[in-house]
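Hello,

Here is the structure I promised to pass on. Please open it alongside this message, and I will walk you through what turned up.

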Amino acid sequence: MATTKLYLDNIEAAYETKFSAEVVKSNDNGVVLDRTLFYPLGGGQNWDEGTLVGPNGSIDVLDVKGREDIIHNLGESHQLEVGDEIIGEIDWERRYAHMRMHTAQHLVSGVAYELFNGVRTVGNQINITHSRIDFKPISFDEDMLVELTKKTNELISLKYEVTDLTMMRNEINSIMPPERTNMDLIPSFIDELRVVKIGDSLDLCPCAGTHISNISEIGEISIIGKKSKGKGTQRITYELSNSEFLREKKSEII
Ligand SMILES: [Zn+2]
């Protein structure tokens, strides 16, 4: 059975950092748990780091991968066995940086689509200190980057809420163009999707990542680099200022 992804329960679940779980698979390098708050590498976002505390003490989680079974890589010296109960805790600073950066990506991608003739987001990489988005087709000049930054920061200052919901493919496509949401890249047999929404209808995007619950937590965005990737694709790099609206983690064990 697939690992239950506790961080996906709702938007607020991404603020939880501590959980209990049971080891359901174990090998020399790591374990699969029945449920987890650790986000695995995927969708351009890096994995969560943190610790698992089991019968033999605390073990660092080195990386996290997988879609159905989520594999917590612990290195070779871990002694966890199937049936062990663990307490997991994720590194909040890292998780929260990813939540802010990732939600900023949704916003920047949506604003760029509206400003620049439906330009598509064709890739992204979410990191702690800076993140990247690839757009196509586009040739950004200085004025365009200033406009993109200004419009994005204006929206952040309006403090829109971020919510998640489950929607059907047709419903999503009736609200947002499929080339804006990248719905046309999602296999057609998937009909029901988890959608992340900014405001009432500012942005809508199928996504299984971790996000903040209000865009004010992004702070201020600055575009710090632009690079051509060939064939009409350009990559922008952005960073975020510290926000006065930073949220605290919720540490309780579910
Ligand atoms: Zn997302």
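**The sheet**

Strands E10 and E11 run antiparallel and are joined by five bridges. Please keep in mind throughout that this is a predicted model. Within this pair, Asn124 sits opposite Ile133 of E11. The two strands belong to an open sheet of four strands, ordered E10-E11-E16-E15, with antiparallel pairing. Strand E10 (120-125) and E15 stand at the edges with a single partner strand each, so one side of each has no neighbour in the sheet. On average, neighbouring strands here are turned by 25° against each other, direction ignored.

Moving across the sheet, E11 and E16 also pair in the antiparallel sense, over five bridges. Here Arg132 stands opposite Thr237 in E16. Beyond that, eight bridges join E16 to E15, and these strands run antiparallel as well. Lys227 faces Arg235 of E16 across this pairing. E15 and E16 form a hairpin with two residues between the strands, where Lys231 takes a positive phi near 50°.

Is E16 open to the outside or enclosed by the rest of the structure? Seven of its eight residues are buried, so E16 is largely enclosed. Leaving aside neighbours within four places in sequence, Thr237 is in contact with His130, Ser131, Arg132, Ser222, Ile223, Ile224 and Gly225.

**Helices on the sheet and the cores**

H1 lies across E10, E11, E15 and E16, and runs at about 135° to E16. H2 packs on the sheet too, where it touches E15 and E16, and its direction makes about 140° with that of E15.

The largest nonpolar core has 35 residues, and those touching the most other members are Phe116, Phe135, Phe140, Leu148, Ile218, Ile236 and Tyr238. Two or more residues each come from H1, strand E11 (131-136), helix H2 (142-157), strand E13 (192-198) and strand E16 (233-240). H1 gives the largest share of this core, nine residues. Another core lies apart from it, with 19 residues that include Leu37, Leu52, Val64 and Leu80.

Not counting residues up to four places away in sequence, Phe135 touches Val108, Ser109, Ala112, Val119, Arg120, Thr121, Val122, Phe140, Gly232, Thr233, Gln234 and Ile236.

**The zinc site**

Which residues hold the donors of the zinc ion? They are His102 (NE2), His106 (NE2), Cys207 (SG) and His211 (NE2), at 1.9 to 2.1 Å from the ion. The angles that the four donor atoms subtend around zinc are 102 to 125°, which makes the arrangement tetrahedral. For comparison, the ideal angle for four tetrahedral donors is 109.5 degrees. Along the sequence, the donor residues follow the spacing H-x3-H-x100-C-x3-H.

**Backbone details in the loops**

Finally, here are some spots to look at in the loops.

- Lys136 and Pro137 are joined by a cis peptide bond, with omega about -10°. Pro137 is placed in the loop between E11 and H2.
- Asn117 has a phi near 55°, a positive value in a residue other than glycine. This residue, Asn117, is found in the loop between H1 and E10. With a relative accessible area of 80%, Asn117 is exposed.
- Lys159 also has a positive phi, near 55°, and is a residue other than glycine. The loop between H2 and strand E12 (162-168) is where Lys159 is found. At 43% relative accessibility, Lys159 counts as partly exposed.

Enjoy looking around, and do write back with any questions.

Best wishes

Notes. Residues numbered from 1 in each chain as written. Predicted model: local features only at pLDDT ≥ 70, side-chain atom pairs only at ≥ 80, totals over all residues. Heavy atoms only, no water. Donors = N, O, S within 2.8 Å, 3.2 Å for Na, K, Ca; no water. Tetrahedral: all angles 85-135°; square planar, octahedral: opposite > 155°, others 65-115°. Core = buried A, V, L, I, M, F, W, Y, C linked by side-chain atoms within 4.5 Å. Buried < 20%, exposed > 50% of the residue type's maximum accessible area, 1.4 Å probe, protein only. Contact = heavy atoms within 4.5 Å. Pairing = 2+ DSSP bridges. Axes fitted to C-alpha atoms, helices over the stretch in contact; angles between N-to-C directions.
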